[in-house]
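Hi,

Here is the structure we talked about passing on. Please have a look, then read my notes below.

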Amino acid sequence: MMDRSPLTIFFLLMAFIFLSLSTSARNCYGACLIKDGQFYGIHENKYFPMNSVMKFPQALFVADWMKKHNIRLSDSVKVTKEELIDGTWSPKLGDIQTSKSFTYAELLSYSLMLSDNNACDVLFKRCGDPKTVEAYVRSLGFKRIHIRKTERQMREDHSCCRHNKTTPKDMTLLLQWLSSHHSDTPILQFIWETMMKCKTGMERLPAAKHEGAMLLHKTGSGYTHNDGTADIGDAGIYLLSDGSKLPICVFVKGASSDHIIAEISQHLQYMALTHDTK
């Protein structure tokens with residue numbers, strides 16, 4: 001009978017992953033999954049650009065800011081056309097002709113569910129700039145999540161995307177923090193429920209979801225490189241039918257397909273669930 005020890009399974013899975021990934025992507029991806037306090041990772045302590053995954057920690061900051069300032073989700077913000085970023089991804093705010101009011105619930109939803117870049121920058125402007133958001137995340141104990149640039153700055157200079165960076169392990173730990181605290185306030189609960197309705201990256205973490213499981217997540221996509229590839233990521237929590245919660249984060253530099261994230265996720269989940277049976 002074939003040896004099924006955890007060590008053997010680990011090396012078999014690692015070999016399969018390396019063989020299945022394209023040559024250009026090798027050593028250019030990182031991932032981390034947590035199950036029952038155990039970490040399963042690939043380059044999990046290496047820094048990667050977050051791109052729009054950054055909107056997840058920003059939302060946690062906004063929730064804290066709203067609580068401190070007695071702001072309700074139903075309170076509104078007036079946004080003018082002059083505030084908008086030209087040519088950016090903005091399915092909900094991009095067509096403002098002069099000005100329009102949005103509730104904080106709408107801005108958070110558009111940022112998290114649709115990755116609307118203008119919604120993100122309006123929240124930066126009204127609630128706190130990147131430096132303030134990073135300071136809040138650090139106050140929670142996460143020192144390797146760096147938020148330095150707005151969506152406008154990244155649009156104007158694509159190299160700025162590298163300044164908003166994190167390790168897969170730290171982002172996964174932040175997801176675990178949300179898992180423990182999402183019931184603390186109505187706004188955190190709203191963020192939790194909104195991320196379960198994310199409509200981007202359906203070929204990423206959602207494509208690796210087990211039957212009967214649920215997923216809340218936030219995607220990130222960088223600008224296209226000259227070779228047609230892009231830096232992509234996805235960070236979320238699988239909610240399994242047995243009640244288990246699996247925080248996971250995957251980043252890939254120079255990806256040619258979204259499905260590479262699903263492949264990496266499948267292998268990490270297999271490692272974690274197989275380890276449980278030993």
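**Helix contact**

K55, Q58, F61, V62 and W65 in α2 touch N117, C120, L123, F124, R126 and C127 in α4. By class, the residues of this contact split into 7 nonpolar, 2 polar and 2 charged. Bear in mind that the model is predicted.

The geometry is as follows. The axes of α2 and α4 (residues 117-127) come within 11 Å and cross at roughly 40°. The crossing of α2 past α4 is left-handed.

**Helix α2**

α2 covers residues 55-68. Its 14 residues should span 20 Å at 1.5 Å a residue, and the end C-alpha atoms are 20 Å apart, so the two agree.

How many residues of α2 are buried? The count is 12 of the 14, so the helix is largely enclosed by the rest of the structure. Buried here means under 20% relative accessible area. The buried residues are K55, F56, P57, Q58, A59, L60, F61, V62, A63, D64, W65 and M66. Among them are K55 and D64. K55 is also one of the residues that meet α4.

Just after the helix, N70 has a positive phi of about 55°.

**Hairpin**

β1 (residues 29-35) and β2 (residues 38-42) pair in the antiparallel sense, over 5 bridges. L33 sits opposite Y40 in β2. The two strands form a hairpin, with 2 residues between them. D36, in the turn, takes a positive phi of about 50°.

Over to you.

Best wishes

Conventions: Residues numbered from 1 in each chain as written. Predicted model: local features only at pLDDT ≥ 70, side-chain atom pairs only at ≥ 80, totals over all residues. Heavy atoms only, no water. Helix = DSSP H or I, 4+ residues; strand = E, 2+ residues; numbered from the N terminus. Expected span 1.5 Å × (residues − 1). Buried < 20%, exposed > 50% of the residue type's maximum accessible area, 1.4 Å probe, protein only. Pairing = 2+ DSSP bridges. Axes fitted to C-alpha atoms, helices over the stretch in contact; angles between N-to-C directions. Left-handed = near helix turned anticlockwise from the far one by under 90°. Contact = heavy atoms within 4.5 Å. Nonpolar A, V, L, I, M, F, W, Y, C, P; charged D, E, K, R; others polar.
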